[in-house]
Number of protein chains: 2
Amino acid sequence: MRQVIFGGANSLDNYLARPDGRVDWLRWNDGAAVIMKSVWSTIDTVIMGRKTYEAARSHAKPDGKRKRASANPYPGVTSYVFSRTLPDEAGVTIIRDDVVPFVRRLKEAPGKDICLMGGGELARPLFDAGLIDRVGLNIHPVLLGAGVPVFHAMSRQIDLELEECRPIGDGCVYVNYRVVHV
Amino acid sequence: MRQVIFGGANSLDNYLARPDGRVDWLRWNDGAAVIMKSVWSTIDTVIMGRKTYEAARSHAKPDGKRKRASANPYPGVTSYVFSRTLPDEAGVTIIRDDVVPFVRRLKEAPGKDICLMGGGELARPLFDAGLIDRVGLNIHPVLLGAGVPVFHAMSRQIDLELEECRPIGDGCVYVNYRVVHV
(Lines give C-alpha, C1' and ligand atoms only; values in the text may rest on other atoms or scores of the structure.)
Protein backbone atom coordinates (compact mmCIF):
# COMPACT_ATOMS: atom_id res chain seq x y z
CA MET A 1 0.00 0.00 0.00
CA ARG A 2 1.11 3.60 -0.54
CA GLN A 3 2.79 5.19 2.44
CA VAL A 4 2.03 8.60 3.91
CA ILE A 5 5.16 10.58 4.77
CA PHE A 6 5.04 13.45 7.26
CA GLY A 7 7.83 15.84 7.98
CA GLY A 8 9.89 18.76 6.90
CA ALA A 9 12.22 21.23 8.52
CA ASN A 10 11.73 22.10 12.17
CA SER A 11 13.39 24.03 14.95
CA LEU A 12 14.72 22.13 17.96
CA ASP A 13 11.68 23.38 19.88
CA ASN A 14 9.49 21.87 17.16
CA TYR A 15 8.13 24.77 15.21
CA LEU A 16 7.89 24.68 11.43
CA ALA A 17 7.42 28.43 11.03
CA ARG A 18 7.39 31.63 13.07
CA PRO A 19 4.01 32.75 14.48
CA ASP A 20 3.41 34.80 11.31
CA GLY A 21 4.38 31.90 9.04
CA ARG A 22 7.87 33.12 8.13
CA VAL A 23 10.58 30.52 7.52
CA ASP A 24 13.51 32.91 7.20
CA TRP A 25 15.45 30.77 9.73
CA LEU A 26 15.62 27.78 7.35
CA ARG A 27 19.07 26.68 6.19
CA TRP A 28 19.03 25.25 2.72
CA ASN A 29 22.09 23.25 1.71
CA ASP A 30 23.26 20.34 -0.42
CA GLY A 31 22.47 17.81 2.33
CA ALA A 32 18.84 18.94 2.50
CA ALA A 33 18.63 19.06 -1.31
CA VAL A 34 19.80 15.43 -1.63
CA ILE A 35 17.21 14.28 0.91
CA MET A 36 14.40 16.29 -0.70
CA LYS A 37 15.29 14.90 -4.13
CA SER A 38 15.23 11.38 -2.74
CA VAL A 39 11.86 11.87 -1.00
CA TRP A 40 10.43 13.57 -4.07
CA SER A 41 11.35 10.55 -6.25
CA THR A 42 9.17 8.26 -4.10
CA ILE A 43 5.96 10.31 -4.13
CA ASP A 44 3.40 11.37 -6.72
CA THR A 45 0.86 13.01 -4.43
CA VAL A 46 0.88 15.83 -1.88
CA ILE A 47 -1.80 16.52 0.72
CA MET A 48 -2.02 19.68 2.80
CA GLY A 49 -4.33 21.94 4.77
CA ARG A 50 -5.49 25.35 3.68
CA LYS A 51 -2.89 27.28 5.68
CA THR A 52 0.01 25.29 4.27
CA TYR A 53 -1.42 25.66 0.77
CA GLU A 54 -1.74 29.41 1.10
CA ALA A 55 1.75 29.69 2.60
CA ALA A 56 3.25 27.49 -0.14
CA ARG A 57 1.52 29.53 -2.85
CA SER A 58 2.95 32.77 -1.57
CA HIS A 59 6.48 31.55 -0.84
CA ALA A 60 9.15 33.46 -2.66
CA LYS A 61 11.45 31.37 -4.79
CA PRO A 62 15.19 31.65 -4.12
CA ASP A 63 15.49 34.13 -6.97
CA GLY A 64 12.99 36.44 -5.28
CA LYS A 65 10.20 35.88 -7.78
CA ARG A 66 6.85 34.76 -6.48
CA LYS A 67 5.07 31.73 -7.83
CA ARG A 68 1.84 32.28 -9.70
CA ALA A 69 -0.86 32.65 -7.07
CA SER A 70 -3.27 30.18 -8.63
CA ALA A 71 -0.89 27.37 -9.64
CA ASN A 72 -0.13 24.10 -7.92
CA PRO A 73 2.66 25.02 -5.51
CA TYR A 74 4.13 21.55 -6.06
CA PRO A 75 4.29 21.09 -9.85
CA GLY A 76 4.58 17.54 -11.16
CA VAL A 77 2.58 15.89 -8.39
CA THR A 78 -1.14 15.65 -7.68
CA SER A 79 -2.00 18.13 -4.92
CA TYR A 80 -5.00 17.82 -2.61
CA VAL A 81 -5.93 20.70 -0.31
CA PHE A 82 -8.29 20.07 2.60
CA SER A 83 -10.58 23.05 3.08
CA ARG A 84 -14.29 23.60 3.53
CA THR A 85 -14.00 27.28 2.58
CA LEU A 86 -11.64 27.55 -0.41
CA PRO A 87 -13.27 27.77 -3.86
CA ASP A 88 -12.10 25.39 -6.58
CA GLU A 89 -8.73 26.42 -7.94
CA ALA A 90 -6.71 25.52 -11.01
CA GLY A 91 -3.86 23.05 -10.51
CA VAL A 92 -5.00 21.57 -7.20
CA THR A 93 -8.02 19.63 -5.99
CA ILE A 94 -9.90 21.11 -3.05
CA ILE A 95 -11.21 18.36 -0.76
CA ARG A 96 -14.24 19.21 1.37
CA ASP A 97 -14.70 15.67 2.74
CA ASP A 98 -13.36 14.48 6.09
CA VAL A 99 -9.62 13.96 5.90
CA VAL A 100 -9.40 10.48 7.48
CA PRO A 101 -11.70 8.52 5.11
CA PHE A 102 -10.32 10.45 2.13
CA VAL A 103 -6.69 9.60 2.96
CA ARG A 104 -7.64 5.99 3.72
CA ARG A 105 -9.10 5.67 0.21
CA LEU A 106 -6.13 7.49 -1.29
CA LYS A 107 -3.72 5.00 0.29
CA GLU A 108 -5.69 2.09 -1.15
CA ALA A 109 -5.60 3.54 -4.67
CA PRO A 110 -2.64 2.68 -6.90
CA GLY A 111 0.25 5.13 -6.99
CA LYS A 112 3.50 6.18 -5.40
CA ASP A 113 3.77 7.46 -1.84
CA ILE A 114 1.95 10.49 -0.47
CA CYS A 115 3.61 13.44 1.23
CA LEU A 116 1.77 15.33 3.97
CA MET A 117 3.10 18.87 3.72
CA GLY A 118 3.20 21.40 6.50
CA GLY A 119 1.59 21.50 9.81
CA GLY A 120 0.44 19.22 12.50
CA GLU A 121 -3.20 20.27 12.34
CA LEU A 122 -3.75 17.89 9.46
CA ALA A 123 -1.27 15.36 10.85
CA ARG A 124 -3.09 15.01 14.15
CA PRO A 125 -6.22 13.19 12.93
CA LEU A 126 -4.08 11.14 10.52
CA PHE A 127 -1.70 10.04 13.29
CA ASP A 128 -4.69 9.25 15.48
CA ALA A 129 -6.18 7.12 12.69
CA GLY A 130 -2.88 5.29 12.11
CA LEU A 131 -2.58 6.58 8.54
CA ILE A 132 0.91 8.12 8.73
CA ASP A 133 3.74 5.69 7.99
CA ARG A 134 6.93 7.70 8.11
CA VAL A 135 8.23 10.82 9.88
CA GLY A 136 11.26 12.67 8.53
CA LEU A 137 12.60 15.86 10.08
CA ASN A 138 15.44 18.22 9.30
CA ILE A 139 16.08 19.54 12.82
CA HIS A 140 17.57 23.03 12.67
CA PRO A 141 19.95 24.36 15.35
CA VAL A 142 17.64 27.03 16.71
CA LEU A 143 15.01 27.54 19.39
CA LEU A 144 12.43 29.84 17.81
CA GLY A 145 10.60 30.34 21.11
CA ALA A 146 7.21 30.57 19.40
CA GLY A 147 5.61 29.54 16.13
CA VAL A 148 3.52 27.03 14.24
CA PRO A 149 3.97 23.60 15.89
CA VAL A 150 5.01 20.51 13.92
CA PHE A 151 3.21 18.25 16.39
CA HIS A 152 -0.07 19.04 18.07
CA ALA A 153 -1.57 17.32 21.10
CA MET A 154 -2.78 13.82 20.24
CA SER A 155 -5.11 11.41 21.96
CA ARG A 156 -2.58 8.58 21.99
CA GLN A 157 1.11 7.76 21.89
CA ILE A 158 2.73 7.02 18.52
CA ASP A 159 5.74 4.70 18.65
CA LEU A 160 8.49 5.18 16.10
CA GLU A 161 11.47 3.20 14.82
CA LEU A 162 14.57 5.19 13.97
CA GLU A 163 15.80 4.34 10.48
CA GLU A 164 18.35 7.05 9.93
CA CYS A 165 20.03 9.89 11.79
CA ARG A 166 22.88 12.05 10.55
CA PRO A 167 24.16 15.61 10.45
CA ILE A 168 23.56 17.15 7.01
CA GLY A 169 25.53 20.36 7.35
CA ASP A 170 25.02 23.85 8.77
CA GLY A 171 24.15 22.32 12.14
CA CYS A 172 21.10 20.52 10.79
CA VAL A 173 20.28 16.94 11.81
CA TYR A 174 18.21 14.64 9.60
CA VAL A 175 16.14 12.00 11.40
CA ASN A 176 13.92 9.50 9.64
CA TYR A 177 11.46 7.20 11.43
CA ARG A 178 9.04 4.45 10.57
CA VAL A 179 5.73 4.62 12.46
CA VAL A 180 5.00 1.43 14.42
CA HIS A 181 1.40 0.57 13.59
CA VAL A 182 -0.47 -1.15 16.40
CA MET B 1 33.19 30.83 33.74
CA ARG B 2 31.07 27.85 34.73
CA GLN B 3 28.64 26.72 32.07
CA VAL B 4 24.97 25.94 32.56
CA ILE B 5 23.88 22.76 30.79
CA PHE B 6 20.22 22.14 29.97
CA GLY B 7 18.77 18.94 28.63
CA GLY B 8 17.76 15.40 29.26
CA ALA B 9 15.63 12.82 27.56
CA ASN B 10 12.73 13.97 25.41
CA SER B 11 10.15 12.58 23.03
CA LEU B 12 10.29 13.62 19.37
CA ASP B 13 7.34 15.93 20.11
CA ASN B 14 9.42 17.51 22.87
CA TYR B 15 7.90 16.31 26.08
CA LEU B 16 10.04 15.25 29.02
CA ALA B 17 7.26 13.45 30.87
CA ARG B 18 3.64 12.43 30.45
CA PRO B 19 0.99 14.89 31.69
CA ASP B 20 1.05 13.15 35.10
CA GLY B 21 4.86 13.22 35.26
CA ARG B 22 5.45 9.57 34.36
CA VAL B 23 8.59 8.71 32.38
CA ASP B 24 7.79 5.05 31.77
CA TRP B 25 8.55 5.57 28.05
CA LEU B 26 12.26 6.25 28.71
CA ARG B 27 14.76 3.80 27.23
CA TRP B 28 17.84 3.42 29.40
CA ASN B 29 20.83 1.85 27.72
CA ASP B 30 24.63 1.81 27.66
CA GLY B 31 24.76 4.71 25.20
CA ALA B 32 22.75 6.93 27.53
CA ALA B 33 24.77 5.74 30.53
CA VAL B 34 28.08 6.71 28.89
CA ILE B 35 26.75 10.21 28.07
CA MET B 36 25.30 10.71 31.56
CA LYS B 37 28.57 9.61 33.16
CA SER B 38 30.48 12.04 30.96
CA VAL B 39 28.13 14.95 31.75
CA TRP B 40 28.14 14.08 35.44
CA SER B 41 31.97 14.28 35.52
CA THR B 42 31.88 17.92 34.38
CA ILE B 43 29.38 19.25 36.94
CA ASP B 44 29.27 19.75 40.68
CA THR B 45 25.97 21.60 40.96
CA VAL B 46 22.36 20.91 40.00
CA ILE B 47 19.56 23.48 39.79
CA MET B 48 15.89 22.62 39.43
CA GLY B 49 12.37 23.83 40.04
CA ARG B 50 10.01 22.48 42.66
CA LYS B 51 8.16 20.13 40.32
CA THR B 52 11.35 18.52 39.05
CA TYR B 53 12.64 18.20 42.61
CA GLU B 54 9.47 16.51 43.81
CA ALA B 55 9.43 14.21 40.79
CA ALA B 56 13.12 13.32 41.23
CA ARG B 57 12.61 12.60 44.94
CA SER B 58 9.80 10.17 44.23
CA HIS B 59 11.35 8.39 41.25
CA ALA B 60 11.61 4.69 41.61
CA LYS B 61 15.08 3.26 41.10
CA PRO B 62 15.49 0.48 38.51
CA ASP B 63 15.31 -2.10 41.32
CA GLY B 64 11.89 -0.78 42.30
CA LYS B 65 13.03 0.74 45.61
CA ARG B 66 12.22 4.36 46.21
CA LYS B 67 14.82 6.90 47.25
CA ARG B 68 14.50 8.44 50.69
CA ALA B 69 11.90 11.19 50.41
CA SER B 70 13.94 13.88 52.16
CA ALA B 71 17.40 13.31 50.68
CA ASN B 72 19.14 15.12 47.86
CA PRO B 73 17.89 13.30 44.76
CA TYR B 74 21.32 13.88 43.17
CA PRO B 75 23.85 12.73 45.76
CA GLY B 76 27.40 13.99 45.39
CA VAL B 77 26.52 17.36 43.92
CA THR B 78 25.20 20.59 45.42
CA SER B 79 21.47 20.82 44.69
CA TYR B 80 19.52 24.07 44.55
CA VAL B 81 15.73 23.99 44.34
CA PHE B 82 13.85 27.15 43.30
CA SER B 83 10.63 27.43 45.25
CA ARG B 84 8.85 30.12 47.22
CA THR B 85 6.65 27.59 49.00
CA LEU B 86 8.85 24.61 49.99
CA PRO B 87 10.15 24.56 53.58
CA ASP B 88 13.89 24.03 54.14
CA GLU B 89 14.83 20.41 53.57
CA ALA B 90 17.87 18.32 54.40
CA GLY B 91 20.32 17.66 51.58
CA VAL B 92 19.25 20.46 49.25
CA THR B 93 19.17 24.26 49.42
CA ILE B 94 15.81 25.90 48.78
CA ILE B 95 16.22 29.19 46.91
CA ARG B 96 13.47 31.75 47.31
CA ASP B 97 15.28 34.50 45.37
CA ASP B 98 14.68 35.26 41.71
CA VAL B 99 16.29 32.62 39.53
CA VAL B 100 18.12 34.88 37.05
CA PRO B 101 20.31 36.90 39.48
CA PHE B 102 20.92 33.79 41.56
CA VAL B 103 22.16 31.76 38.59
CA ARG B 104 24.22 34.70 37.35
CA ARG B 105 26.05 34.81 40.71
CA LEU B 106 26.38 31.03 40.74
CA LYS B 107 28.08 31.06 37.34
CA GLU B 108 30.58 33.66 38.57
CA ALA B 109 31.48 31.61 41.65
CA PRO B 110 34.27 29.06 41.33
CA GLY B 111 33.30 25.48 40.58
CA LYS B 112 32.55 22.95 37.87
CA ASP B 113 29.62 23.26 35.49
CA ILE B 114 25.97 23.48 36.52
CA CYS B 115 23.22 21.18 35.29
CA LEU B 116 19.68 22.49 34.93
CA MET B 117 17.49 19.46 35.56
CA GLY B 118 14.00 18.95 34.29
CA GLY B 119 11.58 21.27 32.75
CA GLY B 120 11.45 24.31 30.63
CA GLU B 121 9.65 26.47 33.18
CA LEU B 122 12.97 27.21 34.84
CA ALA B 123 14.85 27.16 31.54
CA ARG B 124 12.69 29.85 29.97
CA PRO B 125 13.89 32.85 32.06
CA LEU B 126 17.45 31.50 31.96
CA PHE B 127 17.42 31.21 28.15
CA ASP B 128 15.90 34.68 27.95
CA ALA B 129 18.69 36.02 30.17
CA GLY B 130 21.39 34.30 28.11
CA LEU B 131 22.53 32.16 31.02
CA ILE B 132 22.25 28.70 29.42
CA ASP B 133 25.39 27.61 27.55
CA ARG B 134 24.71 24.09 26.31
CA VAL B 135 21.68 22.01 25.31
CA GLY B 136 21.90 18.21 25.20
CA LEU B 137 18.97 15.98 24.35
CA ASN B 138 18.43 12.25 24.13
CA ILE B 139 15.61 12.25 21.58
CA HIS B 140 13.45 9.16 22.02
CA PRO B 141 11.59 7.51 19.11
CA VAL B 142 8.10 8.28 20.31
CA LEU B 143 5.39 10.93 19.98
CA LEU B 144 3.78 11.13 23.41
CA GLY B 145 0.97 13.37 22.16
CA ALA B 146 0.79 15.28 25.45
CA GLY B 147 2.98 15.96 28.45
CA VAL B 148 5.37 18.31 30.21
CA PRO B 149 7.19 20.38 27.55
CA VAL B 150 10.98 20.58 27.38
CA PHE B 151 10.79 24.03 25.80
CA HIS B 152 8.27 26.69 26.67
CA ALA B 153 7.44 29.81 24.69
CA MET B 154 10.25 32.35 24.83
CA SER B 155 10.44 36.03 24.06
CA ARG B 156 13.34 35.63 21.64
CA GLN B 157 15.10 33.21 19.33
CA ILE B 158 18.07 31.22 20.68
CA ASP B 159 20.65 30.22 18.08
CA LEU B 160 22.55 26.99 18.59
CA GLU B 161 25.67 25.35 17.18
CA LEU B 162 25.54 21.59 16.71
CA GLU B 163 28.53 19.94 18.34
CA GLU B 164 27.51 16.30 18.22
CA CYS B 165 24.76 14.10 16.82
CA ARG B 166 24.66 10.32 16.87
CA PRO B 167 22.34 7.37 17.43
CA ILE B 168 22.95 5.84 20.85
CA GLY B 169 20.87 2.69 20.56
CA ASP B 170 17.23 1.67 20.97
CA GLY B 171 16.23 4.30 18.42
CA CYS B 172 17.48 7.16 20.57
CA VAL B 173 19.41 10.09 19.06
CA TYR B 174 21.84 12.17 21.10
CA VAL B 175 22.22 15.81 20.04
CA ASN B 176 24.50 18.28 21.78
CA TYR B 177 24.51 22.02 21.07
CA ARG B 178 26.43 25.09 22.18
CA VAL B 179 24.25 28.17 22.70
CA VAL B 180 25.35 31.12 20.56
CA HIS B 181 25.42 34.09 22.95
CA VAL B 182 24.59 37.41 21.34
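Student: In strand 8 of chain B, which residue is the bridge partner of Ile158(A)?

Tutor: This is a predicted model, in which local features need pLDDT of at least 70, side-chain atom pairs count only at pLDDT 80 or more, and totals for chains, interfaces and linings use all residues. Residues are numbered from 1 along each chain as its sequence is written, while chains are lettered from A and ligands numbered from 1 in the order in which they are written. Strand 10 (residues 158–169) of chain A pairs with strand 8 of chain B in the antiparallel sense over two bridges, where strands are DSSP runs (E, at least two residues; helices are H or I, at least four), numbered from the N terminus, and two strands pair if DSSP finds at least two bridges between them. Within strand 8 of chain B, the bridge partner of Ile158(A) is Leu143(B).

Student: Which element gives the largest share of the side of chain B that touches chain A?

Tutor: Taking contact as C-beta atoms, placed from the backbone, within 7 Å, 26 residues of chain B are in contact with 27 residues of chain A. The elements giving two or more residues to that side of chain B are strand 8 (142–143), strand 10 (158–169) and strand 11 (172–179) of chain B. The largest share, seven residues, comes from strand 10 of chain B.

Student: Is Ile43(B) buried or exposed?

Tutor: Ile43(B) lies in strand 3 (residues 43–49) of chain B, a strand in which six of the seven residues are buried. A residue is buried if 20 or more other C-beta atoms lie within 10 Å of its own, exposed if 12 or fewer, and partly exposed in between. Leaving aside neighbours within four places in sequence, the contacts of Ile43(B) include Ile5(B), Val77(B) and Ile114(B). Because Ile43(B) has 20 C-beta neighbours inside 10 Å, the class it falls into is buried.

Student: In strand 6 of chain B, which residue does Thr45(B) stand opposite?

Tutor: Strand 3 of chain B is joined to strand 4 (residues 78–82) of chain B by five bridges, and these two run parallel. Four bridges join strand 3 of chain B to strand 6 (residues 113–116) of chain B, also in the parallel sense. In strand 6 of chain B, Thr45(B) stands opposite Ile114(B).

Student: Why is strand 7 of chain B largely enclosed by the rest of the structure?

Tutor: Strand 7 (residues 134–140) of chain B pairs with strand 1 (residues 4–11) of chain B in the parallel sense over seven bridges. Strand 7 of chain B is also joined by six bridges to strand 11 of chain B, and these run antiparallel. The strand is largely enclosed because, of its seven residues, the number buried is six.

Student: Which residues have the most contacts inside the largest nonpolar core?

Tutor: A nonpolar core is a set of buried Ala, Val, Leu, Ile, Met, Phe, Trp, Tyr and Cys residues joined through C-beta atoms within 7 Å, and the largest one has 90 residues. The residues with the most contacts inside the core are Leu116(A) and Leu116(B).

Note on methods. Contact = placed C-beta atoms within 7 Å.
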